[in-house]
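Here is a short tour of one model, written to be read with the coordinates open. Please keep the viewer at hand and follow along.

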Amino acid sequence: MDGVQTGVKICGLTEEAGLEACVEYGADWIGFVFFERSPRYISALQAKALASRITGSIRKVGLFVRPDDTVLERVLDQVDLDILQLYTTPERAVQIQAKFGRPVWSSIPVASQADLPRLCTVERLLIEPKPPVHATRPGGNAQQLNWDLLHGWQPGYSWMLAGGLNPENVSQAVAITGAPAVDVSSGVESAPGIKSPDAIARFIHNARSPAVS
Ligand SMILES: O=C(O)c1ccccc1NCC(=O)[C@H](O)[C@H](O)COP(=O)(O)O
């Protein structure tokens, strides 16, 4: 590690207690899930209300699955998102980044080293495990990537590790992969869609206290 603090994103916020824990314990980003089939789905109006309670420098990430322009326009009309996290093709991600004038993070499903991109054409890539065959959503499945695939990987662009992280395993994940930033949803929940403030506190602390690999 180079001494730079690991970035932390807490994804799938739906209620005030979770949001306040993210602010209090120093998350860098919070995520709102605008995918209706998710247990973490939040409407644009609900996200606007929650976002109004943010203090400090925490940044708001909006997560979309293959969105058309109308959906993005409707949400951005209500909530001033700082970043768009997308599950879509690389071409569409670049198009959205240009059209909406906001940084885009693209999710990359990974099952082997051959899936690791050599180039990044958006602001950051989220390296996640490929979802299970019968999954009803492309992320947020509490499924863990084989971290060894990323050992020694230095892509030369910004990236973030996601998938199956929790307060107990995050420091080891950072130590093995060298991830500059981590993303969690299921691993800090007390029930689907409900975040645990205690788990958020422990996750953020442990993400920034990497184990010796
Ligand atoms: O959380 C969801 O329900 C979801 C729905 C559709 C696309 C992505 C979704 N979540 C993505 C994330 O929360 C994270 O980026 C990441 O996949 C971590 O998830 P988890 O394994 O639950 O920590």
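Helices (H or I, at least four residues) and strands (E, at least two) are DSSP runs, numbered from the N terminus. With that naming, R66 lies in the loop between β3 (59–65) and α3.

This is a predicted model, in which local features need pLDDT of at least 70 and side-chain atom pairs count only at pLDDT 80 or more, while totals for chains, interfaces and linings use all residues. Residues are numbered from 1 along each chain as its sequence is written.

**Confidence**

The pLDDT, which is the predictor's confidence in each residue on a scale from 0 to 100, averages 95 over the protein. A score of at least 70 is reached by 97% of the residues. The model also has an ipTM of 0.96 and a pTM of 0.95. Where pLDDT is low, the predicted coordinates should not be read in detail.

**Two residues with positive phi**

Let us return to R66. Its phi is near 40 degrees, a positive value in a residue other than glycine. Is R66 buried or exposed? R66 counts as exposed because it has 12 C-beta neighbours inside 10 Å. The scale behind that word calls a residue buried if 20 or more other C-beta atoms lie within 10 Å of its own, exposed if 12 or fewer, and partly exposed in between, with C-beta atoms placed from the backbone.

A142 is not a glycine, yet it has a positive phi of about 55 degrees. You will find A142 in the loop between β6 (124–129) and β7 (159–162). With 13 other C-beta atoms within 10 Å, A142 is partly exposed.

**A helix pair**

Now turn to helix α2 (residues 44–51) and helix α3 (residues 69–78), which pack at an angle of about 30 degrees with their axes 8 Å apart. Axes here are lines fitted to C-alpha atoms, for helices over the stretch in contact, and angles run from 0 to 180 degrees between N-to-C directions. The crossing of α2 and α3 is right-handed, meaning that the near helix is turned clockwise from the far one by less than a right angle. On the α2 side the contact is made by A44, L45 and K48, and on the α3 side by R74, V75 and Q78. Two residues are in contact if their C-beta atoms, placed from the backbone, lie within 7 Å. By class, this α2–α3 contact has three nonpolar, one polar and two charged residues. In this scheme Ala, Val, Leu, Ile, Met, Phe, Trp, Tyr, Cys and Pro count as nonpolar, Asp, Glu, Lys and Arg as charged, and the others, Gly among them, as polar.

**The nonpolar core**

A nonpolar core is a set of buried Ala, Val, Leu, Ile, Met, Phe, Trp, Tyr and Cys residues joined through C-beta atoms within 7 Å. Which residues touch the most other members of the largest one? Of its 58 residues, these are I10, I127, M160 and V182. Helix α6 (residues 197–207) gives the largest share of this core, five residues. Not counting residues up to four places away in sequence, V182 touches T6, V8, M160, L161, L165, V170, A173, V174 and A207.

F100 lies in helix α4 (residues 90–100), and it is partly exposed, with 15 other C-beta atoms within 10 Å. Beyond neighbours within four places in sequence, F100 is in contact with L72, L76 and L84.

L81 sits in the loop between α3 and β4 (83–87). L81 is buried, with 25 other C-beta atoms within 10 Å. Its contacts, leaving aside neighbours within four places in sequence, are K60, V61, G62, L76 and R102.

G164 belongs to the loop between β7 and α5 (170–177) and is partly exposed, with 19 other C-beta atoms within 10 Å.

Q113 is in the loop between β5 (104–110) and β6, and with 11 other C-beta atoms within 10 Å it is exposed.

The table pairs each of these residues with a partner elsewhere in the chain.

| Pair | Apart in sequence | C-alpha to C-alpha |
|---|---|---|
| F100 and L76 | 24 residues | 9.1 Å |
| L81 and F34 | 47 residues | 12 Å |
| G164 and P103 | 61 residues | 25 Å |
| Q113 and R208 | 95 residues | 26 Å |
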